[in-house]
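Student: I'd like to go through this one by asking what each label rests on. Can we set each value against its cut-off?

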Amino acid sequence: MSGERTVAYPAGDTLVSEGVIAPARAGRPAPARAGAAGEPLVVVEGLRVQFTRGGRKVNAVNGLSYRLEPGTMMAIIGESGSGKSVSSRALMGLLPPTAKISGSIRFDGRELIGLPEKDMRELRGGDIAMVFQDPARSLNPTMKIGAQITEAVRLHSDLDKRGAHARAVELLKLVRLPAAERRFHEYPHQLSGGMRQRVMIAIALAGEPRLLIADEATTALDVTTQAQIMELLVELQQRLGMAVIMISHDLGLAASYAQHVVVMYAGRAVEQAPTQTLFANVRMPYTHALLGAIPALDREPHSLFDVTPGQPPDLSALPKGCPFRPRCQYATDTCLQAPPLTEHEPEHLWACWHPVGAGAGHNSANGEQR
Amino acid sequence: MTATATTPRVPVSRDPRVSRLTRVTGSPVLRLIVKRLLMAVPIMLGVTILTFWVLSLIPGNAAEQLLGAEATPEDVALLERQLGLDQPGVVRYLEWLQGAVTGDLGNSIVSRQPVSDVLADRLPVTGELVLLAFLISLVLAIPVALLAAHKPGGIMDRISMVVSTLGLSVANYVLALILVLVFAVTLGWLPAIGYVPLEDGLWANLEAMILPSAAIGFPLFCFYTRFLRGDLVDQMQQEEYVTTARAKGVGSWSVLIKHAFRNSSFGLITVVGLNLGALIGGTVIIEQIFALPGIGQMLLQAINTRDFVVVQAAVVIFALVAVVANLVVDLLYAVLDPRIRYGSR
Ligand SMILES: Nc1ncnc2c1ncn2[C@@H]1O[C@H](COP(=O)(O)OP(=O)(O)O)[C@@H](O)[C@H]1O
Ligand code: SF4
Ligand SMILES: [Mg+2]
């Protein structure tokens, strides 16, 4: 741990973290990163997660694949129940023992599936951290904020009690929690929703993660607070150089903040592209439907509406071929074959036989255009 | 970006336990105490009136019991007059009540001893019995529940399930007899019956109290184990803060003990407090079996001799214990649970 950590820093929130976290970042063995230049930080391949519930098999994740470059922000979006949370919890090794997991998750070249619990625990809250949806329930109601942060700090550093305290207060300042020193001694219920989520982020940052997963981290917050938290995440991501996976059911939110988008349906990725590319040329009919469902300005924020007609897929009895077929207006007999997720255009992957607006030439599975 | 300082404070009181205290303004703790004590008044009145009435329904009175079967009706009538038993029930009750509210619980009809002296002798015995029973049950239940909850469905969980099911289905007097048979009669480790006061040595006293406390404490242990194990598993599987703790890299035992148990302990306190009333009832039969000179034994004897003054005293004590136990549970909550402690600022 760098000694500069506990050095006094200039007052004023914006400067707080300069020289606080950055040196530690720089102190991380650089070669590992330089050597891995161009190598993705996370490679998920053919990930499957199956639960057994009441004798029925629930296929929560069905061959999910994606890549995540270090230091970037990627959004995973999809309707509720599409396997976003389950797949990210698989990455953290947080699924219950009843979950049957197969496929591959490589983090920095290391296979995480089947990793012994001891090693997994070191990664958890260390290199990989997570922020959850409901900040009211995610913090331990009977522990002071400070204790919950120092617990994380001490697990991933060799700081003593006093050092951990100082570090925890720094983290609270880093996430711009007003009156950090005072809040340190308060309980979660004494904070507003936005403040609690800042505390959650501070906890997540305690282990200096290289990957932060924010699972619907702003869904439970009001619109203003939501924007503040998202901006904080983007700022931290850039300043600390970590990769962020933001999980959301809100394509609009993803469009505003993420550099890359993965669209999930029925436990697999159905379209994936850099945000600009995706929104310029939406190909997969399901993404198209989601896009049509982005709230217009005259709509109530967060109002519920049908994404697309039809039932969300039954994960115990997925249709043959393309899972979206029963709800898809473009479906043909070809769609009885499962469309593979293929890079049809540079950096733009989709899994569909009849992509929207891609012209007749795209009807084949390996239509590498341009 | 504006700081969240401007975000309105959202009071969280989803927890039903919170509202109980936060609704009252001012000093919540003081209010609670006053409220409970006021509530205790009608409870005490009701319980004592009921006891008095039920006793009057049982055939025979103290005079007949004292004089025995050979007594002539004249003798009985004379004694009845001397004891004041010829007065109408309402008058006798009101007389007793008048004394009771000034702290004078009267004299035993049978022994003429002041009831307060009798209580001073007997309360410590029952108190020790109850205390030891709680101690035994909790000291065992907490670690067993933690072991069971660490791996639901695992070997420890299954063993504890079988044992606690057994323990809950056996009546405590049956258990008492089994304990006596095994530890006193067969093994000869402990005395079968009898009481040794604390003044005669701690060990001798404990030797006499172990079997009766175990007879009361074992079913409690089973009950607490079940309850705590269930609550811990719920916390571990359903509560998001547990996932947060695990996501931090906290080990499974630490999550269980530092996080889940901390939250489960509130439920446990409630259950223990609510149990106290029923537990006191259980002492009656156990004191009888083990010949312990406690309140329960006193109550049974007093019922047999129709000594309504002593019966009333026992009933008042039992009801008071129940009321105070509930109050203490709520106060403990107020002290231990930060949501309540800071909830009413
Ligand atoms: N522990 C579990 N046991 C059984 N089914 C589960 C479990 N966790 C999640 N699921 C199921 O997996 C599916 C995907 O859930 P999830 O990943 O939470 O969706 P999302 O986060 O995209 O809304 C859902 O149908 C859900 O019911
Ligand atoms: S593959 Fe067929 S069913 Fe599936 S989304 Fe494309 S057009 Fe629709
Ligand atoms: Mg989810």
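**Labels and cut-offs**

Tutor: Start with A:Glu45, A:Arg67 and A:Arg106, which a network of salt bridges links together. The model is predicted, with local features needing pLDDT of at least 70 and side-chain atom pairs pLDDT 80 or more, while totals for chains, interfaces and linings use all residues. Residues count from 1 along each chain as its sequence is written, chains are lettered from A and ligands numbered from 1 in the order written, and side-chain values use heavy atoms, without hydrogens or water.

Student: What makes A:Glu117 and A:Arg124 a salt bridge?

Tutor: The label needs a side-chain nitrogen of Lys or Arg within 4 Å of a carboxyl oxygen of Asp or Glu. For A:Glu117 and A:Arg124 the closest N and O atoms are 3.1 Å apart, so the pair qualifies. The general idea is that side chains of opposite charge can pair when their charged atoms come close. Over all chains, the search finds 21 salt bridges.

Student: Why is A:Arg124 called buried?

Tutor: Buried means under 20% relative accessible area, exposed over 50%, and partly exposed in between, with a 1.4 Å probe and protein chains only. A:Arg124 has 1%, so buried it is.

Student: What makes A:Arg167 and A:Glu208 count as a salt bridge?

Tutor: Their closest N and O atoms are 3.9 Å apart, which is within the limit, so they count. The pair joins distant parts of the chain, with A:Arg167 in helix H7 (residues 161-174) of chain A and A:Glu208 in the loop between helix H9 (193-205) and S7 of chain A, 41 residues apart. "Helix" here is a DSSP run of H or I with at least four residues, "strand" a run of E with at least two, both numbered from the N terminus.

Student: How do you know whether A:Arg167 is buried or exposed?

Tutor: A:Arg167 has a relative accessible area of 3%, so it's buried. A:Glu208 is buried too, at 11%.

Student: Which residue does A:Arg327 pair with?

Tutor: A:Arg327 makes a salt bridge with A:Glu79, the closest N and O atoms being 3.1 Å apart. This pair also links distant parts: A:Arg327 sits in the loop between helix H13 (285-292) and strand S11 (342-345) of chain A, and A:Glu79 in the loop between S3 and H3 of chain A, 248 residues apart. Both A:Arg327 and A:Glu79 are buried.

Student: What does the side chain of A:Ser82 reach?

Tutor: It reaches the backbone oxygen of A:Glu79, at 2.6 Å. A:Ser82 is in the loop between strand S3 (73-77) and helix H3 (84-92) of chain A, and its 4% relative accessible area makes it buried.

Student: Why are S2(A) and S5(A) called edge strands?

Tutor: The open sheet has four strands in the order S2-S1-S4-S5 (chain A), paired antiparallel. Strand S2 (56-68) and strand S5 (110-111) of chain A each pair on one side only, which is what "edge" refers to. Pairing takes at least two DSSP bridges. Strand S4 (residues 100-107) of chain A has two bridges to S5(A), so that pair passes. A:Arg106, from the salt-bridge network, stands opposite A:Glu111 in S5(A).

Student: How many bridges join S6(A) and S7(A)?

Tutor: Four, in the parallel sense, between strand S6 (residues 128-131) and strand S7 (residues 211-215) of chain A. A:Ala129 has A:Leu212 as its bridge partner in S7(A). S6(A) is covered on both faces: A:Ile128 and A:Met130 on one side, A:Ala129 and A:Val131 on the other, are all buried.

Student: And chain B: how many helices and strands?

Tutor: Chain B has 14 helices and zero strands. Of its 345 residues, 44% are buried. Its C-alpha atoms fill a box of roughly 95 × 60 × 35 Å along the principal axes.

Student: Why is B:Trp189 called exposed?

Tutor: Its relative accessibility is 57%, so it counts as exposed. B:Trp189 is in the loop between H8 and helix H9 (202-238) of chain B, and belongs to a nonpolar surface patch that also includes B:Tyr173 and B:Ile285, with about 830 Å² of accessible area together. Helix H8 (residues 172-186) of chain B gives the largest share of the patch, six residues.

Notes. Patches are made of residues with over 30% relative accessible area and no salt bridge: like charges are joined within 9 Å, nonpolar side chains (Val, Leu, Ile, Met, Phe, Trp, Tyr) within 5 Å. Accessible areas come from the Shrake-Rupley method with a 1.4 Å probe; for residues, only the protein chains shown count as cover. A polar contact is a pair of N or O atoms within 3.5 Å; within protein, one must be able to donate a hydrogen and the other to accept it, and residues adjacent in sequence count only if both atoms are side-chain atoms.
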